[in-house]
Amino acid sequence: MSDTDEFDALAGEYVLGTLDAAERAAVAARREREPALDQAIIAWERRLGPLDAVSPEIEPPDGLFARIEARIAGAAPNAQAGSGGGEAQARAQIIDLTRRLRRWRGAAAIVAALAACLALVIIWQDLVRPQQPSNFVAVLQKDAASPAFLIEVDLASRQLTVRPVAAERQAGKSYELWLIHDKLGAPRSLGVIADQGFTVRPALAGYDPSVVESATYAVTLEPAGGSPTGAPTSAPLWTGKLVQATP
Amino acid sequence: MQSSSALAPIFIPHHDRCGGWAELPRQTGRGMRASTEIVELMGRVAVKDRAAFAELYRATSGKLFGTALRILRRRDIAEEVLQEAYVKIWERAGDFDAAKASPVTWMAAIVRNRALDEVRRKPLASVEELPESFEPVGDNPDPLGQREQRETLRQLLACLDKLEPQKRQMVLLAYYHGASREALSTRYAAPVPTIKTWLHRALAQLRLCLAS
């Protein structure tokens, strides 16, 4: 391996996060005085950064921003801090920005519709429940950035657990989960998904494990209570596949 | 191939199921705003605009807290890291260069570096303490509001797909969950120097693939 490769591998590992504490500290110090290394690190951040897009958001606790503000107020007082109108002005700006965000969202929906679909399957199993591993997990989404439902399947008991992540409740409608597999022909209903919390049911009991494992899972929006015909009455809004978590 | 360990989450992209029923995706909920708006906010934060900073926090903290929590797995430490990261973002916003990086990538790098420093200094507590790490905000995270960003993600996933499955998993475990070489060594039952070689190969392959 050439020196250039080693150099780039070091930058890559720094961004990937696999260096140990001493190596990390050494790289952090070197990048301050070696612009080439700094550039190589930034290039790796750009290459791998898109991965952050498909990870879920987790809301930090309410008081955290106040703590941050207190720290920056202590460190760097400025014109706006403490001025009486500052907060009202801030609120007005936020309202204005919220309006703009709403408009942007409309455009984003169109872009999302055009983007080719990417079904991403994530196994979080041990992280979520280290002691009772379920064998399979899937995130149903319509594109890489929008997880909507989380599915877990325990293949041993054929138990299915579904929970909405980002699906919006629709008045007078229900979300219905479907199992799609060549061997089954038409999509098979796995039942209506509850609006909130976990829906747990042995809906997969009648299916062959190899079908359960390799099938595509899809969610459609149906009349309240589920499709009256037993077949999906609308296009799938989200799809995904399961992946085995442990050998 | 691998033993079950504290670092089980794996993430494997599939590129199928694009046909079939008509694609009529629904975009709902609160997403992260477009990159251009964040760039604008960063510009205002650089001149110490507190309102812009509050807005930047509102728009990005869910994503960045998720990043920190995945690596650190302890809420208390992740909160501390997030707090320090935002103070740094406030202080260094003037250094941000939109020509070099997207603002979210720039901020994520600050959070990731701080979190990784922390996790390498003090190895993690046992995973049993951490059942709350997967609690997504009930809305729709969409930091990729722009088409070109979707494109970069698609390219990256396509290149990851070309890696051998084990190498792909190692890259993703490291990036998402801060897996160290030692943790990967345990998981894949290979000596640390071998893991290092595999990682270097995987990175070189990725770089080559992304450049093509």
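This is a predicted model: local features need pLDDT of at least 70, side-chain atom pairs count only at pLDDT 80 or more; totals for chains, interfaces and linings use all residues.
Visitor: What pattern does chain B follow along the sequence?

Guide: The order is β-α-α-α-α-α-α-α-α. Chain A, by contrast, has seven helices and ten strands.

Visitor: Why are H2(B) and H4(B) called roughly parallel?

Guide: Take the crossing angle of helix H2 (residues 50-72) of chain B and helix H4 (residues 103-121) of chain B: roughly 25 degrees, with the axes within 9 Å. The axes are lines fitted to C-alpha atoms over the stretch in contact, and angles run from 0 to 180 degrees between N-to-C directions. Angles under 35 degrees count as roughly parallel, over 145 as roughly antiparallel, 65 to 115 as roughly perpendicular and the rest as oblique. So H2(B) and H4(B) are roughly parallel.

Visitor: What makes up the contact of H2(B) with H4(B), by class?

Guide: H2(B) brings residues including Leu64(B), Ala68(B) and Ile71(B), and H4(B) supplies Val104(B), Met107(B) and Val111(B), among others. Contact requires C-beta atoms, placed from the backbone, within 7 Å. The classes are eleven nonpolar, two polar and three charged residues (nonpolar: Ala, Val, Leu, Ile, Met, Phe, Trp, Tyr, Cys and Pro; charged: Asp, Glu, Lys and Arg; polar: the others, Gly among them).

Visitor: What is the angle between H2(B) and H3(B)?

Guide: About 140 degrees, with the axes 9 Å apart. That value falls in the remaining class, so H2(B) is oblique to H3(B). Members of the contact include Phe53(B), Tyr57(B) and Leu64(B) of H2(B), and Val81(B), Tyr86(B) and Trp90(B) of H3(B). By class there are 14 nonpolar, no polar and one charged residues.

Visitor: How do you know that the span of H3(B) is close to the expected one?

Guide: Helix H3 (residues 75-92) of chain B has 18 residues and reaches 25 Å from first C-alpha to last, against 26 Å expected. The expected span is 1.5 Å times one less than the number of residues.

Visitor: Why is Arg73(B) called buried?

Guide: Arg73(B) has 22 C-beta neighbours inside 10 Å. Buried needs 20 or more other C-beta atoms within 10 Å, exposed means 12 or fewer, and partly exposed is in between; C-beta atoms are placed from the backbone. Arg73(B) is therefore buried. This residue lies in the loop between H2 and H3 of chain B, and its phi is near 65 degrees, a positive value in a residue other than glycine.

Visitor: What makes Lys48(B) partly exposed?

Guide: Lys48(B) has 19 other C-beta atoms within 10 Å, so partly exposed is its class. Lys48(B) sits in the loop between helix H1 (35-46) and H2 of chain B. Phi is near 65 degrees for Lys48(B), again positive in a non-glycine residue.

Visitor: Why is Cys159(B) not counted as buried?

Guide: Cys159(B), in helix H5 (residues 147-162) of chain B, has 19 C-beta neighbours inside 10 Å and so counts as partly exposed. Cys159(B) touches Leu206(B), Cys209(B) and Leu210(B), not counting residues up to four places away in sequence. Its C-alpha lies 5.8 Å from that of Cys209(B), 50 residues away in sequence.

How values were computed: Residues are numbered from 1 along each chain as its sequence is written. Chains are lettered from A and ligands numbered from 1 in the order in which they are written. Helices (H or I, at least four residues) and strands (E, at least two) are DSSP runs, numbered from the N terminus. Two residues are in contact if their C-beta atoms, placed from the backbone, lie within 7 Å.
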